[in-house]
Amino acid sequence: MSTNSDFQPSAKVITHSITWSPQRSRELITFSGTFHRYILSEFNTHRCFSRNSASSRAIPVSKMLDLAANANVYPVEWSQNMKGMSAEAQVPDPIKRTSRVLWDDARNNAIVSARIMSDLEIHKQVTNRLLEPFLPHAVVFTCDYKGLQSFLALRDSPYAQPEIREFAKAVKNAYNDSAPTKLFPGEVHLPFVDKIYQWEELFNLQTITDSSGEYQDDEFMYSPPIYESVATCARYSYLGHEKDQTPESNEKLFWSLFQNHHLSPFEHVAVALTPNDTTAKLFRRKILGVAAKPSQNYTGAFMQLRKVLEKDHK
């Protein structure tokens with residue numbers, strides 16, 4: 001039993017790119033979405049996703065308390081217990097109503113306990129754990145078409161947990177309603193930035209010299225659109241992605257992430273190469289200095305910014 005005010009999983013496409021050739025094409029899609037926090041472990045089993053999401057270690061207890069109290073997170077279905085992982089029949093309405101009351105009691109008790117622990121100055125990385133079953137969860141994730149279809153095959157299924165099944169349906173609908181933007185070789189998949197850029201505009205190759213002017217090295221110096229895209233993805237961890245930020249704060253966060261080895265936000269930005277292996281090798285050699293494909297979790301027709309940073313700033 002659910003009401004119209006109950007939390008429902010949702011998804012939307014942020015950036016949808018395609019690199020094309022007469023023989024084959026390759027897509028890269030960045031989604032934003034929300035789902036039930038208690039299915040995060042199931043979502044995270046899909047290694048095809050580059051992802052950043054809300055962190056119980058980063059979000060203040062006060063914000064989590066407000067979400068738990070007001071988000072109306074309930075199970076999608078109240079199903080009858082049976083052997084196996086998947087349910088079939090729903091329990092009768094009187095039992096559904098009783099179950100909702102019990103769920104409310106558990107949520108309210110968790111809120112009270114979390115407030116007391118917060119007053120005792122217990123760190124949020126502990127206190128927020130009490131609230132997780134009653135929270136929505138915000139995520140940004142990037143995948144190729146093959147990875148997306150793998151996710152949908154497993155999760156848009158009657159055998160999947162209902163909450164992740166509803167999220168999968170929302171992801172599928174968002175994808176079906178989206179038209180990809182064609183990127184030519186060297187153009188950049190750049191979530192949360194509307195303009196299309198060539199990689200040379202964003203990865204500004206600079207010659208580094210010492211105080212006497214002697215050559216030391218060539219190094220990429222990145223630019224504001226890159227900082228904005230990476231920083232916005234990273235801010236999902238503390239639900240700061242919807243706030244306006246300054247170019248200075250984006251750049252500061254970009255380099256803080258890199259220096260502290262928090263590299264997952266760099267995986268959403270990717271240079272479109274081409275499905276043509278010969279041309280792709282030329283681009284990889286030009287950017288990375290090597291022609292071989294780097295190891296990454298989605299199609300080699302796009303090259304993650306993470307790989308460029310790892311090569312350039314060892």
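Visitor: Let's start with Cys143: is it buried or exposed?
Guide: Buried means under 20% relative accessible area, exposed over 50%, and partly exposed in between (1.4 Å probe, protein chains only). Cys143 has 0% relative accessibility, so it counts as buried. Before we go on: this is a predicted model, where local features need pLDDT of at least 70 and side-chain atom pairs count only at pLDDT 80 or more, while totals for chains, interfaces and linings use all residues. Residues are numbered from 1 along each chain as its sequence is written, and side-chain values use heavy atoms, with hydrogens and water left out.

Visitor: How many disulfides does the structure have?
Guide: A disulfide is a pair of cysteine sulfur atoms within 2.5 Å. Searching the whole structure turns up zero disulfides.

Visitor: Now the strands. Which way do S1 and S2 run, parallel or antiparallel?
Guide: Strands here are DSSP runs (E, at least two residues), helices are runs of H or I with at least four, and both are numbered from the N terminus. Two strands pair if DSSP finds at least two bridges between them. S1 (residues 10–20) and S2 (residues 25–36) are antiparallel, joined by 10 bridges.

Visitor: In which sense do S1 and S5 pair?
Guide: S5 (residues 181–182) pairs with S1 in the parallel sense, over two bridges. Here Ile18 stands opposite Lys182.

Visitor: What is in the largest nonpolar core?
Guide: In soluble globular proteins, nonpolar side chains tend to be buried together. A nonpolar core is a set of buried Ala, Val, Leu, Ile, Met, Phe, Trp, Tyr and Cys residues joined through side-chain atoms within 4.5 Å. The largest one here has 30 residues, and among those with the most contacts inside it are Phe203, Phe254 and Leu305. H8 (224–234) is one of the helices supplying at least two core residues, and its five are the largest share.

Visitor: What is Leu305 in contact with?
Guide: Contact means heavy atoms within 4.5 Å. Leaving aside neighbours within four places in sequence, the contacts of Leu305 include Tyr222, Ile226, Val230 and Val269. There's also a second, separate core of 21 residues, with Phe43 and Tyr175 among them.

Visitor: How many salt bridges are there?
Guide: Side chains of opposite charge can pair when their charged atoms come close. A salt bridge is a side-chain nitrogen of Lys or Arg within 4 Å of a carboxyl oxygen of Asp or Glu. The whole structure has 12 of them. One of these joins Asp6 and Arg100, at 2.9 Å from N to O. That pair links distant parts of the chain, 94 residues apart, and both Asp6 and Arg100 are buried.

Visitor: Which residue forms a salt bridge with Arg306?
Guide: Glu267 does, with the closest N and O atoms 2.5 Å apart. Arg306 lies in helix H11 and Glu267 in the loop between H9 and strand S9 (270–272), so the pair ties together parts 39 residues apart in sequence. Arg306 is partly exposed at 22%, whereas Glu267 is buried at 12%. Salt bridges with shared partners join Glu267, Arg306, Lys307 and Glu310 into one network.
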